[in-house]
Amino acid sequence: MSHSPPSGLAAVSAALLAMSRHLEMRDVLKTIVASARELLDAEYAALGVPDDHGGFAQFVVDGVSDEQWKAIGPLPRQHGILAAMLHEAKPERLADVRKDPRFEGWPSAHPDMSDFLGLPIRDGDDVIGALFLANKRCPKPEGSCGFTADDEELLSILAQHAAIALTNARLYERSRELTIAEERSRLAHELHDAVSQKLFSLRLTAQAAATLVDRDPARAKGELQQVAALAAEAVDELRAAVIELRPAALDEDGLIATLRTQIQVLDRAHTARVTFRSVGIRALPASQEEALLRVSQEALHNALRHSEAAHVDVTLTRRGSDTVLRITDDGRGFEPAATRRAGRHLGLVSMRDRASGVGGRLTVESTPGKGTTIEMEVPGG
């Protein structure tokens, strides 16, 4: 059966409608890519949304199976022809992408591609993404590109609508994040009230038990059993609340994307420069990812609020078979032993507890005037 692509206004209209129907960013990207591939009758289509670190925050492909995509490996960097699309921000129509001087090769599992059409997606002066198509399904005379000027024009219409769809999706996600933040704030308030009441009862009951120990040991024993029951209830409430407050982004995006996003926000919100780098880290068990995220949040909070640092650097790297999180600042530092003696070390205690709770360990290096490095190491990754 010969393959014939959809054609005409109806097909374009259907693609644009499909794009505007979705609100979730990932769905929008997938729909744009699928629409572009189908409309232009290409074997492969991809869409990349750049991040601020020379890579792609998101990269979606159509025409490649999940198995192939996994075999290809990590997200591409912004180099070669992909970088040209984002930085030179002009359309590229090539008979053979492999012969272009900017071509820098593919990972071994990457499908072979020849004719190529690429187009930036613009929002005003900003390039917010790029659309790539490869291998037009049509007979091609040797050395010529199957994609035509008409294809390029059609793709530019799609790119303009993609810009609107992406901007809408971004606004929707931002409003959803604000709603989640409000909800979390409300939950935290309720949790604080509930746990404060439990701990207040716990204190009174413990004091009552203490006064009864000598005078009425039997009653003191009853009061202590009550203390144990109240403590268990407080722990259950805390655990339930922590599950509810678990960062939604961690479940959806994983540790690296969540950390990167949070650090970008902190970098914008504080005068200190806050940077993030990740090398060779794969997904970790959920409990470890959460512990690493919480420790980095606590350490960043301390560095940005108390250390007067000009630069805070967060890295996630491998050490043998372990994953290592490092938060380094050039702030005023402190004397760890003196901090322990003064009782101002609750943040460090909670970080150590989180690390040991997932089979890891936490080390703190700090000297007054020399900054601080907090390192958490967990097995695996």
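**Exercise 1.** With which residue does Arg102 form a salt bridge, and how far apart are the closest N and O atoms?

*Solution.* The model is predicted, so local features need pLDDT of at least 70 and side-chain atom pairs count only at pLDDT 80 or more, while totals for chains, interfaces and linings use all residues. Residues are numbered from 1 along each chain as its sequence is written, and side-chain values use heavy atoms, with hydrogens and water left out.

Step 1: apply the criterion, a side-chain nitrogen of Lys or Arg within 4 Å of a carboxyl oxygen of Asp or Glu. Step 2: the partner of Arg102 is Asp100, with the closest N and O atoms 2.9 Å apart. Step 3: classify accessibility, where buried means under 20% relative accessible area, exposed over 50% and partly exposed in between (1.4 Å probe, protein chains only); Asp100 is buried at 12%, and Arg102 is partly exposed at 24%.

**Exercise 2.** Determine which network Glu88 and Arg102 belong to.

*Solution.* Step 1: Glu88 forms a salt bridge with Arg102, their closest N and O atoms being 3.3 Å apart. Step 2: Glu88 is partly exposed, with 43% relative accessibility. Step 3: salt bridges that share partners join Glu88, Lys90, Glu92, Asp100 and Arg102 into one network.

**Exercise 3.** Describe the salt bridge between Arg326 and Glu375.

*Solution.* Step 1: the closest N and O atoms of Arg326 and Glu375 are 2.5 Å apart. Step 2: Arg326 is partly exposed, with a relative accessible area of 31%, whereas Glu375 is buried at 11%. Step 3: the structure as a whole holds 20 salt bridges.
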